[in-house]
Amino acid sequence: MNVLALYKKSRPYSSYVIFGVLLALAPLMVNLGVLRFFHLTLIAGVVIYAIVALGLNLLMGYAGLVSLGTAAFMGVGAYLTAFFTQDLGMDFLPSIVLTVVITSILGILVGLLSLRVEGFFLAMATLAVAEILRQVFIEFTGFTNSFVGRTANFPEFFGFTMNRNQTFILLVVFLVLAMFVTQSFANSYTGRALSAMRGSEAAASAMGINIFKYRLIAFSVSTAYAGLGGALYMHFIRFTFPNVWMFTLSLMLFAVVVIGGVRSVAGTVVGAFVVFGVPDLILVNIPVIGDINGMAFVFTGVLIIVVVMYYPAGLIYIWHDIKVLVHKVRGRGKV
């Protein structure tokens, strides 16, 4: 088997690895002067939000459930990580594991809400939970330090503390792993059960799929991704306070999934770059437009309208349409 055949057989996993290797070169580009320090921080944010959005895509795209509380669960992950590493002196890995476990348990509790309400009412219920958690962040000063904020350090392994560049590469590793896990999860029996549930819960139940079980799994996995993203945010940004985890961030993460592509791993990453990267990389440099306050939200809103009208499957499928067009122009017919 030649290299090209092996690559095609292992897709999309090999593509994720190649993408991760290229992305991990960003610190080198900063050292060479090709990128600035600001760019590295911006890309790190995109990576973190892409990880969280992958979990949200599993919830929305496969289970067909809606959550507007993702940002709050990121906040829970951030504060738990600060507590475990700063107050209890734990290393990076055990703190990450505990954070993911606790946030996934919280996801199960929220998932119990979905057994009673659906659609718009479920979205409102998750929004209410998110606001309750944010008020906890504000009032529970002994744990969160309220608006004064909490700090953390770069990841520490057995007494060795990583620097910013090493932490960035660690973020990329977690993103690639999250892409692997999401792809495998979607292709598994559980992923197929969630897809069946999304199509018709009555039909899925008639086929023997336990709706109660898989709804809880969907929420648990989604909040685990959010907790992981919050923990990584805390170790790279190293500071947080309650207003970081507001409702607007949940909406932006929701937009990432819609714009990039529902039920698409690569589309979610593309959506994260478009929503969290393009405004600060491109729009800010456009005269007049770059001076408008909240331009990122305006851009995201307009883009959602355009995508819903012309590319409801997400921007990731533009590439496929381009290939189809090229083949038609060359007279080769439809791909």
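Let me begin with confidence: the chain has a mean pLDDT of 89, and 95% of its residues reach 70 or more, where pLDDT is the predictor's confidence in each residue, on a scale from 0 to 100. This is a predicted model, in which local features need pLDDT of at least 70 and side-chain atom pairs count only at pLDDT 80 or more, while totals for chains, interfaces and linings use all residues. Residues are numbered from 1 along each chain as its sequence is written, and side-chain values use heavy atoms, with hydrogens and water left out.

I turn now to the core. A nonpolar core is here a set of buried Ala, Val, Leu, Ile, Met, Phe, Trp, Tyr and Cys residues joined through side-chain atoms within 4.5 Å, and buried means under 20% relative accessible area, against over 50% for exposed and partly exposed in between, with a 1.4 Å probe and protein chains only. The largest such core has 92 residues, and those with the most contacts inside it are Ile51, Met74, Leu175, Leu232 and Phe276. Its largest share, 16 residues, comes from H4, helices being DSSP runs of H or I with at least four residues, numbered from the N terminus. Leu175, leaving aside neighbours within four places in sequence, is in contact with Phe19, Leu23, Val47, Ala50, Ile51, Leu54 and Val269.

Points are joined across faces, edges and corners, and a volume is the space filled by probe spheres set on them.

Ser250 leads us to Thr70, which touches Ser250 along with Val52, Leu56, Ala226 and Leu253, not counting residues up to four places away in sequence. Thr70 is found in helix H5, residues 70-87, and counts as buried because its relative accessibility is 4%.

The largest pocket has a volume of about 730 Å³ and is lined by 26 residues, of which Val265, Ala266, Val269, Val270 and Ile316 lie nearest its centre. The second largest pocket holds about 570 Å³ of space, and its 24 lining residues include Met252, Val275, Phe276, Asp280 and Ala296, which lie nearest its centre. H4 gives the largest share of this second lining, six residues.

Finally, which residues does Arg215 touch? Not counting residues up to four places away in sequence, Arg215 touches Leu65, Ser114, Leu115, Val117, Glu118, Met197 and Glu201. Arg215 lies in helix H12 and is buried, because its relative accessible area is 3%.

Notes. Helix = DSSP H or I, 4+ residues; strand = E, 2+ residues; numbered from the N terminus. Contact = heavy atoms within 4.5 Å. 1 Å grid on protein atoms, 1.4 Å probe; cavity = no way out; pocket = protein on both sides within 12 Å on 5 of 7 lines; lining within 4 Å.
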